[in-house]
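Let's take a walk through this protein together, one region at a time. Have the model open beside you as you read.

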Amino acid sequence: MELSREDEAILKGEKGPRHAELMRILVSLGDLNDASRLIPVWSVQLSGISFKTMGIPGTEFLEDAAHEVRFAVPTTVNPAGYDVGGPGVVPASAEFKEKQQRIIRSLLTMGAISTFSCTPYTTEYSPPPGAHLAWAESSAVIYSNSVIGAFSNREGAPSALASAVLGKTPEYGLHLPAGRRAEVVVNVRNGREIRFSSLGAYLGKKLGSRIPYLRGVHPVADEMKAMGAAMSAWGSVPMFHVENVTHEASVQELAGLESMEVGPEDIQAFEKSLGLNAESPSLIAIGCPHATKGELEHLAKVIRERRDGKLKDGLQVWACTNRRIIQDNPDLVRYLEGAGVKVIQDTCMVVAPIGADYPVIAVNSAKAAFYASKKSFSGQKVLYATTEELIDRWA
Ligand code: F3S
């Protein structure tokens with residue numbers, strides 16, 4: 001890979017050993033992927049900042065780094081392990097909170113922006129189309145590539161941190177037109193009968209990391225957010241195209257591509273396999289990825305129309321979202337809280353340590369369903385259904 005004189009100097013240690021170590025990460029990644037150069041990034045999104053996923057080694061690494069380096073570009077961060085800015089609903093222990101605070105202190109010292117959200121694109125840090133990014137949160141990567149028209153590979157924790165400090169990323173994969181081409185045509189039958197979160201999970205399983213071109217559906221932004229999150233969780237799809245909807249769909253060359261058919265019966269079979277009929281949940285959690293204003297409005301509408309604006313006492317209903325959306329929509333938040341919903345910022349149902357307190361969780365997100373059941377996260381029993389079904393049945 002060709003390096004600028006400045007990058008060579010950093011690699012040789014002129015800015016100190018930590019900068020050199022981080023430059024080595026980017027250079028190795030670039031060499032491994034045949035990148036020809038490093039390019040500047042508009043922003044970085046760090047994921048895995050919950051103590052639940054980072055553990056002690058990661059915490060200590062960040063503490064060391066915070067003595068030595070600062071972020072060179074806007075760097076937003078994923079949800080933390082508890083609702084650090086309130087309202088104090090998440091049942092994390094004092095010890096867990098103390099360790100989480102150590103992580104947050106290190107990140108803020110280096111210059112991180114306290115978004116604590118997997119949807120930076122719903123804040124003032126949303127990138128413009130065409131921006132090159134080094135984002136690590138898979139649901140945000142696929143949204144930025146597909147819906148916004150920005151360019152990001154899915155970074156790991158070390159490369160995202162290196163990009164935050166050095167302001168650059170190797171130019172390969174999704175940063176180049178060749179890495180963004182559709183690889184499989186997906187013809188969806190009776191698209192109106194399909195839940196996009198389920199379709200994303202189904203396609204993620206089938207496609208692995210291949211980029212689909214979808215026909216027969218016309219999703220809005222929130223539906224693409226749900227579909228992309230599921231696609232990149234159940235598989236590792238980094239981008240999708242939707243005919244007549246997404247930025248780059250019209251320039252795809254489809255001749256000769258493999259194609260597949262998907263219909264409601266395929267998706268319903270998949271939904272059944274997620275175990276909707278298991279026991280009753282102790283928690284209903286909405287907002288994976290973090291709920292947008294539109295999704296909170298939808299939840300409010302469902303509660304108003306089906307429960308006369310008031311949920312049953314006793315069952316916890318969480319709506320996980322971010323600080324910006326809470327600040328910008330005080331009336332909506334007040335309505336939801338009045339109805340009995342806990343509107344939660346800075347964390348989510350997956351990265352918070354809630355497995356023991358809520359062993360059975362009900363979600364409307366196929367991504368949350370994927371992770372919450374994993375032993376390495378909360379090992380919960382998971383029920384998966386639409387917001388309407390969850391409220392009708394249990395709330
Ligand atoms: Fe976001 Fe947590 Fe889901 S980080 S994408 S709400 S698992």
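**A helix and its cover**

The buried residues of α10 are covered by elements that include β11 (283-286), β12 (316-321), α11 (323-328), α12 (330-339), β13 (341-345) and α14 (387-394), where contact means heavy atoms within 4.5 Å. Helices (H or I, at least four residues) and strands (E, at least two) are DSSP runs, numbered from the N terminus. Before going further, note that this is a predicted model, in which local features need pLDDT of at least 70, side-chain atom pairs count only at pLDDT 80 or more, and totals for chains, interfaces and linings use all residues. Residues are numbered from 1 along each chain as its sequence is written, and side-chain values use heavy atoms, leaving out hydrogens and water.

Which residues of α10 are buried? They are Leu 296, Leu 299, Ala 300, Val 302 and Ile 303; buried means under 20% relative accessible area, exposed over 50%, and partly exposed in between (1.4 Å probe, protein chains only). Seen down the axis of α10, its buried residues fall within an arc of 160°, so they line one face of the helix. That arc is taken from the directions from the helix axis to the C-beta atoms. An α-helix has 3.6 residues a turn, so residues three or four places apart point the same way.

Just after α10, Asp 308 takes a positive phi of about 55°.

Another cis peptide bond runs from Gly 86 to Pro 87, with omega near 5°. Look for Pro 87 in the loop between β3 (75-77) and α4 (94-110).

Now turn to helix α7 (residues 196-207), which packs against helix α9 (residues 264-273) at an angle of about 90°, their axes being 9 Å apart. That makes α7 roughly perpendicular to α9, a label given to angles of 65 to 115 degrees. Ser 198, Leu 199, Ala 201, Tyr 202 and Lys 205 of α7 meet Asp 266, Ile 267, Phe 270 and Glu 271 of α9.

In the loop between β7 (184-188) and α7 sits Asn 190, a residue other than glycine with a positive phi, near 50°. Asn 190 counts as partly exposed, because its relative accessibility is 48%. Asp 346, in the loop between β13 and β14 (360-363), also has a positive phi, near 75°. At 0% relative accessibility, Asp 346 counts as buried.

Technical notes: Axes are lines fitted to C-alpha atoms, for helices over the stretch in contact, and angles run from 0 to 180 degrees between N-to-C directions. Angles under 35 degrees count as roughly parallel, over 145 as roughly antiparallel, 65 to 115 as roughly perpendicular and the rest as oblique.
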